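The model under discussion is predicted.

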Amino acid sequence: MPRETPYLQVADALRARIKAGEWSVGEKLPSRARFAEEYSVGQSVAQRAMERLIIEGLLEGRAGSGTYVRRPRERLRMVRSRHRERRGGSPFRADMKEQGRAGTWESRSEARTPAPDHIAERLAIEPGDLCVRTSYEFLADGMPVQLSESWEPMAVTDGTPIVLPEMGPHAGAGVVERMRSIGVRIETAVEVPRPARATQEQANLLGISVGDLITEIERTYYDVDGRPVETADVTVADVRWEIAYEIGIEHPDD
C-alpha cells in the first residue's frame with residue numbers, strides 16, 4: 001500500500017540511505033533545500049521528513065549548525081516485577097546493580113500540597129486533601145534513566161518518620177518498605193503504561209530530543225484493605241529502555 005503523505009515517502013528514502021551508510025555517524029546531512037530538490041517536494045515536506053528521523057533517533061538537529069547522523073543509542077531492558085519491592089533497600093538501585101550500573105537519584109518533596117482532581121481520584125481522597133508530592137530524577141552511572149512524580153496522602157503518613165520520603169530513618173527505601181515501617185502493608189501495585197512523546201521539559205531532564213518516544217507509567221500502590229496509599233507517574237525514555245513485566249505464576253498445593 002503506498003504511503004499517504006509525501007513526507008513519509010521522503011523519510012523512508014532517507015532512512016534507507018542512512019542505514020546503508022551513505023552518511024557516517026556524526027556526518028552532516030545536506031540541507032533540506034537539497035533534499036526538496038532531489039525528491040521534487042517542497043522544503044516543508046523535506047523538513048517534516050527530517051524531523052521524523054530525528055524523532056526516531058537516527059538524526060539529531062544542532063541549533064545553528066544543521067542536521068547530523070546520530071550515534072545509535074544503546075537500548076536496555078527494565079524489568080518491572082513484584083519481586084523488586086521484596087529485596088529491601090531501594091528497588092531502583094537493585095535494578096541498576098543487576099545491569100552493572102550505579103543507581104542514584106535526586107528528589108524534591110513538598111509537604112501539604114493539595115491533591116489535584118486526577119490525583120485525588122487515583123488516591124480515593126477528596127480534591128484538595130493534603131499530600132506530599134515528591135519529584136524524582138533517577139540516574140544510572142550519572143546518566144538519566146527515568147523521572148517520577150509521587151503523591152502520598154498525608155492522612156496516611158503525617159506525624160510519622162516517613163512523611164518525607166527521602167528524609168528520616170527510611171530515606172532511600174522503596175514505598176513498600178517505608179509503609180511497612182509504620183504498619184501499612186502494601187499488597188498490590190497496579191501499573192498502566194502508555195506511549196507518549198517527550199515534552200521540552202522531559203527531553204531536557206532525560207537527555208533526549210523533543211518528540212522522542214517515551215513510556216509513561218501510572219502506578220498506584222494499595223494496602224491489604226484495597227486503600228490507595230501512593231500513586232506516581234513514571235516516565236522512561238523508550239529510545240533507551242524497553243520495559244518488560246515479570247508475571248508470577250501461582251501453583252496450587254498438591
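The charged end of Arg62 is placed over the ring of Tyr68, at 3.9 Å from the centre of that ring. A second contact of this kind involves Arg48, which lies over the face of Tyr7 at 3.8 Å from the ring centre.

Contacts between rings form the next topic. A pair of aromatic rings is described by the distance of the centres and the angle of the planes. In this predicted model, the structure holds 4 aromatic pairs. Two of them are listed below.

| Pair | Centre to centre | Angle between planes | Arrangement |
|---|---|---|---|
| Trp23 and Phe35 | 5.9 Å | 85° | edge-to-face |
| Phe92 and Phe138 | 4.7 Å | 55° | tilted |

For Phe92 and Phe138, the planes are at 55°, which is not over 60, so the pair counts as tilted and not as edge-to-face. Phe92 is in helix H4 (residues 91-98) and Phe138 in strand E5 (residues 130-140), so this pair ties together parts that are 46 residues apart in sequence. Phe92 has a relative accessibility of 5% and therefore counts as buried, the cut-off being under 20%. Phe138 is buried as well, with a relative accessible area of 11%.

Phe92 and Phe138 also belong to a cluster, linked by ring pairs, that includes Trp105 and Tyr136.

Notes
Residues are numbered from 1 along each chain as its sequence is written. This is a predicted model: local features need pLDDT of at least 70, side-chain atom pairs count only at pLDDT 80 or more; totals for chains, interfaces and linings use all residues. Side-chain values use heavy atoms; hydrogens and water are left out. Rings of Phe, Tyr and Trp (its six-membered ring) pair if their centres lie within 6.5 Å; planes under 30 degrees apart count as stacked, over 60 as edge-to-face and the rest as tilted. Helices (H or I, at least four residues) and strands (E, at least two) are DSSP runs, numbered from the N terminus. Buried means under 20% relative accessible area, exposed over 50%, partly exposed in between (1.4 Å probe, protein chains only). A charge sits over a ring if NZ of Lys or CZ of Arg is within 6 Å of the ring centre and within 35 degrees of the ring normal.
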